[in-house]
Amino acid sequence: MKNMSTTELEQTLQTDASIQLIDVRETDEYAGGHIEQAKNVPLSELTERTAELDAKQPIHVICLSGGRSMNASMYLEQAGFDVTNVDGGMMSWEGNVTR
């Protein structure tokens, strides 16, 4: 599985508007502040909602600190997705946050 820092994610978001970014935090955490391009797919719902993801596009996964996104990334990779886990999660994110 690939990993990237939040700094690398921010640079990628600036150059690639089509990036598929999922935030696997719970809905209330996501509502408290998230990256604008991120789609909320809580880890607790991921197995039921995998079909919502585009298997033809790489997926970047973020959570609060990196633990849940690591679990989600392992699951998605086993399901055949091209996945990158975002190390450090929202705790390390220094870019803009949407509420």
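**Reading a pocket, a strand and salt bridges**

Me: How much space lies in the largest pocket?

Reply: About 160 Å³ of space lies in the largest pocket. The structure is a predicted model. As a general idea, rolling a probe the size of a water molecule over the atoms shows where empty space is left.

Me: Which residues line the largest pocket, and how do they divide into nonpolar, polar and charged?

Reply: The lining consists of Glu10, Leu13, Gln14, Ile35, Glu36, Gln37, Trp93, Gly95, Asn96, Val97 and Thr98. Four of the lining residues are nonpolar, five are polar and two are charged.

Me: Turning to strands, are the faces of strand β4 covered or open?

Reply: In a regular strand the side chains alternate between the two faces of the sheet. In strand β4 (residues 59-62), Ile59 and Val61 are buried on one side, and His60 and Ile62 are buried on the other, so both faces are covered. Buried here stands for under 20% relative accessible area.

Me: Which strands are joined to β4 by bridges?

Reply: Strand β2 (residues 20-23) runs parallel to β4, with four bridges joining the two. Aspartate 23 has isoleucine 62 of β4 as its bridge partner. Strand β5 (residues 83-86) is also parallel to β4, and three bridges join this pair. Here histidine 60 has threonine 84 of β5 as its bridge partner.

Me: What do β4, helix α4 and β5 make?

Reply: Together with helix α4 (residues 67-78), β4 and β5 make a β-α-β unit, and this unit is right-handed.

Me: How many salt bridges are there?

Reply: Side chains of opposite charge can pair when their charged atoms come close. With a cut-off of 4 Å between the side-chain nitrogen and the carboxyl oxygen, the count comes to six salt bridges. One of them pairs glutamate 29 with arginine 68, with 2.8 Å between the closest N and O atoms.

Me: Why does the pair of glutamate 29 and arginine 68 tie together parts that are apart in sequence?

Reply: Glutamate 29 lies in helix α2 (residues 27-31) and arginine 68 in helix α4, so the pair ties together parts 39 residues apart in sequence. Glutamate 29 is partly exposed at 26% relative accessibility, and arginine 68 is partly exposed at 25%.

Me: Which salt bridges does arginine 49 form?

Reply: Arginine 49 forms a salt bridge with glutamate 45, the closest N and O atoms being 2.9 Å apart. The side chain of arginine 49 also meets that of glutamate 52 in a salt bridge (2.9 Å, N to O). Glutamate 45 is partly exposed, at 29% relative accessible area, and glutamate 52 is partly exposed at 40%. Salt bridges with shared partners join Lys39, Glu45, Arg49 and Glu52 into one network.

How values were computed. Residues numbered from 1 in each chain as written. Predicted model: local features only at pLDDT ≥ 70, side-chain atom pairs only at ≥ 80, totals over all residues. Heavy atoms only, no water. 1 Å grid on protein atoms, 1.4 Å probe; cavity = no way out; pocket = protein on both sides within 12 Å on 5 of 7 lines; lining within 4 Å. Points joined across faces, edges and corners; volume = space filled by probe spheres on them. Nonpolar A, V, L, I, M, F, W, Y, C, P; charged D, E, K, R; others polar. Buried < 20%, exposed > 50% of the residue type's maximum accessible area, 1.4 Å probe, protein only. Pairing = 2+ DSSP bridges. Right-handed = clockwise from strand over helix to strand, strands pointing away.
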